[in-house]
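Work through the exercises below with the sequence and the model at hand. Each task is followed by a solution in steps.

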Amino acid sequence: MNIKTFITRYVDPDFKGDELPFPIQTFEFAKEDIITDFGEVETHAYFLTEGITQISLEKNGTERVLDFFFPGSFFSSYTSLLKQEASDVQVMALTNCKVEAIKGVDLANAYQHSLLANKVGRIATEYNYMRRVGREKDLLSKTADERYQDIFKKHPEIINQLPVYKIASYLGIHPESLSRIRKKVIS
Amino acid sequence: MQKLKEFLQAKTPIGEDSWAELEGLFQRGKLRKGEHFASYQEAARRIAFLESGIVRAYFVNKEGKEYNKQFFTSPGIIGAYTSLLTQRPNQIPQQALVDCEIWVANYKSVAQLYDRFQDLERLGRVIAESYFLEKEQKELEMALLNATERYLLLRKRYPELENQIPQYHIASYLSISTTQLSRIRRRLSEEKIEGF
């Protein structure tokens, strides 16, 4: 999926592909490239077409993974993009990635005059918000086992592509606990 | 409805035609203390502007334990946002903690205006953004701050809250027990922190 197909599927089924209200650029990132670092001001909204990215924060020198992103999602240091303030989170490529990027200024301009741009922004934001709410609810109501099963079912490729400590960090558990859970799943 | 108009205009300019349409969708309402605005497991249908009063959004886990996720005061919008967007059963009830005055509208009717009025679509976007910003802000605070720090932030943001609702609601929001909250308050007064 790319931005055009996202729009057709989730925003406006009548969207004609040559009428994007903002320019987009395509970028590639290599594994472990930092896309937006702590303290930087976010410059783009990204749409992931290939690969896996993460958003994380740092507490007492330890990385805490907040979320993974898979192809078909918008991602960025969104608070930083919206407020144009220093980012509290870090955005990093976990594998080689391909993205479509919208410059923040182009997006802001499009919001001034394009109904479609506002709709894309609203729907992408609503979706992102709901992801977060779902994640919070899962953290409060599901065991680490269950949450592991959920993400493994949806994205089995993470096991091959991401180190165990990262998945453990995302689940909020120790890597040893995750190894235990994985042994159970395999057997 | 002046307070609602000002609240929305502060987010993004709304033309008079758009406002006239929007205004027509809202009706005056009341919530009695303890009354739910959004119930558990129902598909949410309404949003409301909180003219006065306090509402909490809370989550109940399988064991029946309640977690207060958020407080709403005036001016502010209440409504089970996720349920409104997805039309799936609401997982996060919203309840009045004191008597409230509200302006209620059917959410679908409001959303249907977006395609006809670009400034209302923009308002919808800006509101979605502010929901996201609040959510991320809270996540960062929960990950990076301790209960005392979060308590001080809560008091800063909602200075009148503690005068009007029981301490156990505050404790629930901070994910601590009332005993722990008392200890925090005692420590803050011993350190002669302002306001204690």
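**Exercise 1. Describe the pairing of β4(B) with β5(B) and with β7(B).**

Step 1. In chain B, strand β4 (residues 55–60) and strand β5 (residues 66–72) pair in the antiparallel sense, over 6 bridges. Strands (E, at least two residues) and helices (H or I, at least four) are DSSP runs, numbered from the N terminus, and two strands pair if DSSP finds at least two bridges between them.

Step 2. Locate B:Ala57: opposite this residue, in β5(B), stands B:Gln70.

Step 3. Inspect the hairpin of β4(B) and β5(B), which has 5 residues between the strands. There B:Gly64 takes a positive phi near 90°.

Step 4. Turn to strand β7 (residues 94–96) of chain B, which runs antiparallel to β4(B) and is joined to it by 3 bridges. The bridge partner of B:Ala57 in β7(B) is B:Gln94.

Before going on, note the conventions. This is a predicted model in which local features need pLDDT of at least 70 and side-chain atom pairs count only at pLDDT 80 or more, while totals for chains, interfaces and linings use all residues. Residues are numbered from 1 along each chain as its sequence is written, and chains are lettered from A and ligands numbered from 1 in the order in which they are written.

**Exercise 2. State the confidence of the prediction for chain B and for the complex.**

Step 1. For the complex, the predictor gives an ipTM of 0.91 and a pTM of 0.92.

**Exercise 3. Is B:Gln2 buried or exposed?**

Step 1. Apply the cut-offs: a residue is buried if 20 or more other C-beta atoms, placed from the backbone, lie within 10 Å of its own, exposed if 12 or fewer, and partly exposed in between. B:Gln2 counts as exposed because it has 6 C-beta neighbours inside 10 Å.

Step 2. Compare sequence and space: B:Gln2 and B:Val110 are 108 residues apart in sequence, and their C-alpha atoms are 18 Å apart.

**Exercise 4. Give the strand order of the two sheets described here for chain A.**

Step 1. One open sheet of 4 strands has the order β2-β7-β4-β5 (chain A), with antiparallel pairing. Its edge strands, β2 (34–36) and β5 (62–69) of chain A, each pair on one side only.

Step 2. β2(A) is joined to strand β7 (residues 90–93) of chain A by 2 bridges, in the antiparallel sense. A:Ile34 stands opposite A:Met92 in β7(A).

Step 3. Another open sheet of 4 strands, also with antiparallel pairing, has the order β1-β8-β3-β6 (chain A). β1 (25–29) and β6 (74–75) of chain A each have a single partner strand, so one side of each is left without a neighbour in the sheet.

Step 4. In this chain, strand β3 (residues 44–50) of chain A pairs with strand β8 (residues 97–103) of chain A over 6 antiparallel bridges. A:Phe47 has A:Glu100 in β8(A) as its bridge partner.

**Exercise 5. How many residues of chain A are in contact with chain B?**

Step 1. Residues are in contact if their C-beta atoms, placed from the backbone, lie within 7 Å. By this criterion 23 residues of chain A are in contact with 23 residues of chain B.

Step 2. On the side of chain A that touches chain B, β4 (53–59), α2 (78–83) and α4 (115–141) of chain A each supply at least two residues. The most come from α4(A), with 15 residues.

Terms used
Two residues are in contact if their C-beta atoms, placed from the backbone, lie within 7 Å. pLDDT is the predictor's confidence in each residue, from 0 to 100.
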